[in-house]
Amino acid sequence: MKIIEYETQYQDAILEISLEWLNKYDILEEVDIEMLKYPERILEKDGHIFLAQEEDGEISGMVMLENHGESCEVLKFGVREIYQGRGIGRKLMREAIHAAKAEGKKKLTLCSNHQLSSALHLYQEMGFYYIDRVPSCFVMSDVFMEMDLGLK
């Protein structure tokens, strides 16, 4: 498995990866569909989309990083269920953290949902900590975290 940057040929894959977990936990929102149908909006604003690609070419996981000036927001972080438990999410998150640090970002932020316990646990292991509610475009978000990039 290797981490690659998003290319348009992978648009169906990122939609499938995200819809799998968004539907499983019944937290799919219209804004999710917009984000996944138009990933170039993230890239046009100097963001990133990292993909986990298996040796056979299959895209097994993804994470988006939306540029917010001095910080980046982690979005649509997910690994296909059949590939979970292999450290793919950790590798994707390391790549996101590395990219943000390389660009001189001061912090990473994210919003999530309490049902996503595996992801929340990984975020904590990677150095994210809980913060008070912040404005979010996601109605279903009820967990907010950030990471100070000066500490890691």
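Reader: What is the order of the strands in the open sheet?

Author: This is a predicted model in which local features need pLDDT of at least 70, side-chain atom pairs count only at pLDDT 80 or more, and totals for chains, interfaces and linings use all residues. Residues are numbered from 1 along each chain as its sequence is written, and side-chain values use heavy atoms, with hydrogens and water left out. Strands are DSSP runs of E with at least two residues, helices runs of H or I with at least four, numbered from the N terminus; two strands pair if DSSP finds at least two bridges between them. The pairing is mixed, and the order of the 7 strands is β1-β2-β3-β4-β5-β7-β6.

Reader: Is Thr109 buried or exposed?

Author: Thr109 lies in strand β5 and touches Cys72, Glu73, Val74, Met145 and Glu146, leaving aside residues up to four places away in sequence. Contact means heavy atoms within 4.5 Å. Buried means under 20% relative accessible area, exposed over 50%, and partly exposed in between (1.4 Å probe, protein chains only). Thr109 has 18% relative accessibility, so this residue counts as buried.

Reader: How are α4 and α5 oriented to each other?

Author: Axes are lines fitted to C-alpha atoms, for helices over the stretch in contact, and angles run from 0 to 180 degrees between N-to-C directions. Helix α4 (residues 88-102) packs against α5 at about 45°, with the axes 11 Å apart. Angles under 35 degrees count as roughly parallel, over 145 as roughly antiparallel, 65 to 115 as roughly perpendicular, and the rest as oblique. The two helices, α4 and α5, are therefore oblique.
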